[in-house]
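Please examine the sequence and the structure before reading the solutions.

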Amino acid sequence: MASGRGSDSLERRGLMFVLSSPSGAGKTTLSRMLLDKIPGLSMSVSATTRPMRPGETDGHDYHFVDRARFTAMVKGDELLEHATVFDNSYGTPRAPVEAALSSGKDVLFDIDWQGTQQLREKARADVVSVFILPPSAADLEKRLHTRAQDSDEVIRGRMDRASHEMSHWAEYDYIVVNHALEEAFGEVQSILKAERLKRERRIGLTSFVRQLQKQLEK
Ligand code: 5GP
């Protein structure tokens, strides 16, 4: 899809790095850690019709839009994928993703299994998907309560949905069980680093190796 320079300055195709999990499995924290520590990675900011939670910022956590605007985005083909989650609409704006990939940046997505399926259908070779599992149901519930952003009723709904969301784990390339944050972060980081080194993405290798051979044959 797109190309740019990797850390070794060889030209490389940008990749779409997808993290999915049931709410509360630590995906948002892991995403933040990746963005902080890994150069050349930018976050895809989704559009959503759900109300803003305390502490969230428009344009940073999400683009908070009304239903009419969301429908217009779908009709105008402005979204790479979109889905309904917990009765609200969510979608990935196409333009920023294409701009990031074409400047050689990898893009991080925090989207659900429906969005991941759509991205995979559109750009299989460029999508690397990771599913994060909580270590236990009790741990998931504790994290949802600690977050304290949602009412008890919403939390109950999210717990009910978790089992359904988890049923899609086998559609993902990698599975990380979030027992301990640092360990899970190390695993996610390793996946990204290895995927960046994949031969098929390193389109600058052919000319690099040719050059090496020429030097050797001199
Ligand atoms: P939350 O409302 O807790 O921020 O997100 C609820 C769910 O929607 C999460 O599983 C999140 O990954 C998913 N989600 C967020 N943005 C998008 C998007 O653009 N597309 C899709 N398909 N899912 C999204």
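**Exercise 1.** Determine how far an oxygen atom of the ligand is from an N or O atom in the side chain of T92.

*Solution.* The separation is 3.5 Å for T92, where a polar contact is a pair of N or O atoms within 3.5 Å. Taken alone, the ligand exposes 510 Å², of which the protein buries 95%; accessible areas come from the Shrake-Rupley method with a 1.4 Å probe. Next, a polar side-chain atom of E81 lies 2.7 Å from a nitrogen atom of the ligand. For D110, a polar side-chain atom lies 2.7 Å from an oxygen atom of the ligand.

The model is predicted: local features need pLDDT of at least 70 and side-chain atom pairs pLDDT 80 or more, whereas totals for chains, interfaces and linings use all residues. Residues are numbered from 1 along each chain as its sequence is written, and side-chain values use heavy atoms, without hydrogens and water.

**Exercise 2.** Which residues come nearest to the ligand?

*Solution.* Of the 17 residues around the ligand (a heavy atom within 4 Å), the nearest are S46, R50, Y62, Y90 and D110. By class, the shell holds six nonpolar, four polar and seven charged residues, with Asp, Glu, Lys and Arg counted as charged, Ala, Val, Leu, Ile, Met, Phe, Trp, Tyr, Cys and Pro as nonpolar, and the others, Gly among them, as polar.

**Exercise 3.** Identify the strands that each supply at least two residues of this shell.

*Solution.* These strands (DSSP runs of E, at least two residues) are β7 and β8.

Methods
A polar contact is a pair of N or O atoms within 3.5 Å; within protein, one must be able to donate a hydrogen and the other to accept it, and residues adjacent in sequence count only if both atoms are side-chain atoms. Helices (H or I, at least four residues) and strands (E, at least two) are DSSP runs, numbered from the N terminus.
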